[in-house]
Amino acid sequence: MPSLSTCSVLPVQVQLQTQTTYRGITDCMVKTYHHESPLGFVKGMSFPIASIAVVNSVLFGVYSSALQVLTATSHQERRAQPPSYTHVFIGSCTGGSCRPFMLLSLQAYCLAPFDLIKVWLQNQTEEPKGKSGSPPPQYQGPVHCAASVFQAEGPRGLIRGDCALTLRDNPTLGIYFVTYKWLCRQFTPDGQNLSSGTVLVAGGFAGVTSWVTATPLDVIKSRMQMAGLRQRVSARREGLGVFFQGLSINSARAFPVNAVTFLSYNYLLHSRG
């Protein structure tokens, strides 16, 4: 789940959340392939790919530092004296000694523009290159998209949906790390080290759990980014299921991605001693 704004890179998920022309995941995938060729499944991914390594490094680094400040223990000492779930939740949400408003500012002004550009690029329908008579796409790439939004709406346009993005990510990060820690402790006998299998399973289910809690606000965020307050999410008109559009595809992707993420994180921690 780390850095939800950079991990949710699938065009199918974004299109399901912001458009009502699709009957489901299969229908969306078939129409995307038919209209845009296989390239339609990877559009808008350059910005998330370029930023995800940095964002996740900062996330896990700040999380580890936060636990060190909150518990006054080193990583080696925390193996024998695991932190409380309260410390895990607070550390992952607030970044240790950082104040909440500092984290909100980071989300709004650093991550929101990347997320907004991704959503806009993934929502534009393109015909396969070389097809005669097909109009050119509105945006030629992430830089052109960012410049167009900035020119039309100013700096504020690039951080549209920032509040929903922050409300989605902050508590979800806490749930993400608490779920991982709880599962690890349930399946690891006292005095023994974590096995790779336990880390993979705990990391995978942590990712799925976090998306279950994050999806409703993710839908609202995507709608706001596409059309501001003009495109409201109406449970009365669309049903309660509208708040969970894209959850199944997010969960299917979240399990392997987060399993490998935590396995890599634990490997690096143990390699440092």
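## Basis of the description

Because the model is predicted, local features need pLDDT of at least 70 and side-chain atom pairs count only at pLDDT 80 or more, whereas totals for chains, interfaces and linings use all residues. Residues are numbered from 1 along each chain as its sequence is written, and side-chain values use heavy atoms, with hydrogens and water left out.

## Overall make-up

The protein has 13 helices and zero strands, where helices (H or I, at least four residues) and strands (E, at least two) are DSSP runs numbered from the N terminus. Read from the N terminus on, the elements therefore follow the order α-α-α-α-α-α-α-α-α-α-α-α-α.

Of the 273 residues, 48% count as buried; here buried means under 20% relative accessible area, exposed means over 50%, and partly exposed lies in between, with a 1.4 Å probe and protein chains only. The accessible surface comes to about 13900 Å², of which 65% belongs to carbon and sulfur atoms; these areas come from the Shrake-Rupley method with a 1.4 Å probe, and for residues only the protein chains shown count as cover. Among contacts (heavy atoms within 4.5 Å) between residues at least 6 apart in sequence, 76% join residues at least 24 apart.

## Nonpolar cores

A nonpolar core is a set of buried Ala, Val, Leu, Ile, Met, Phe, Trp, Tyr and Cys residues joined through side-chain atoms within 4.5 Å. The largest such core has 17 residues, and those with the most contacts inside it are Phe 60, Tyr 63, Tyr 176, Phe 177, Tyr 180, Phe 262 and Tyr 265. Two or more residues of this core come from each of H4, helix H10 (162-186), helix H11 (196-227) and helix H13 (247-271), with H10 giving the most, namely six residues.

A second, separate core consists of nine residues, including Trp 120, Tyr 139, Ala 146 and Val 149.

## Salt bridges

The structure holds three salt bridges, each defined as a side-chain nitrogen of Lys or Arg within 4 Å of a carboxyl oxygen of Asp or Glu. One of them joins Arg 160 to Glu 153, with the closest N and O atoms 2.4 Å apart. Arg 160 is buried, because its relative accessible area is 15%, whereas Glu 153 counts as partly exposed at 37% relative accessibility.

Arg 168, Asp 218 and Lys 221 are linked in a network of salt bridges. In the bridge between Asp 218 and Arg 168, the closest N and O atoms are 2.4 Å apart, and this pair links distant parts of the chain, since Asp 218 lies in helix H11 and Arg 168 in helix H10, 50 residues apart. The side chains of Arg 168 and Asp 218 are also joined by a polar contact of 2.4 Å, a term for a pair of N or O atoms within 3.5 Å; within protein, one must be able to donate a hydrogen and the other to accept it, and residues adjacent in sequence count only if both atoms are side-chain atoms. Asp 218 also meets Lys 221 in a salt bridge of 3.9 Å, N to O; both lie in helix H11, three residues apart, which is about one turn of the helix. Asp 218 is buried with a relative accessible area of 0%, Arg 168 is likewise buried at 0%, and Lys 221 counts as buried at 1%.

## A surface patch and a loop residue

Val 54, Val 58 and Val 62 form a nonpolar patch on the surface, with about 230 Å² of accessible area together. Patches are made of residues with over 30% relative accessible area and no salt bridge, like charges being joined within 9 Å and nonpolar side chains (Val, Leu, Ile, Met, Phe, Trp, Tyr) within 5 Å. Val 62 is found in helix H4 (residues 46-71) and counts as partly exposed, because its relative accessibility is 33%.

Gly 246 lies in the loop between helix H12 (235-238) and H13, and it is buried, with a relative accessible area of 8%. Gly 246 and Pro 216 are 30 residues apart in sequence, while their C-alpha atoms are 9.8 Å apart in space.
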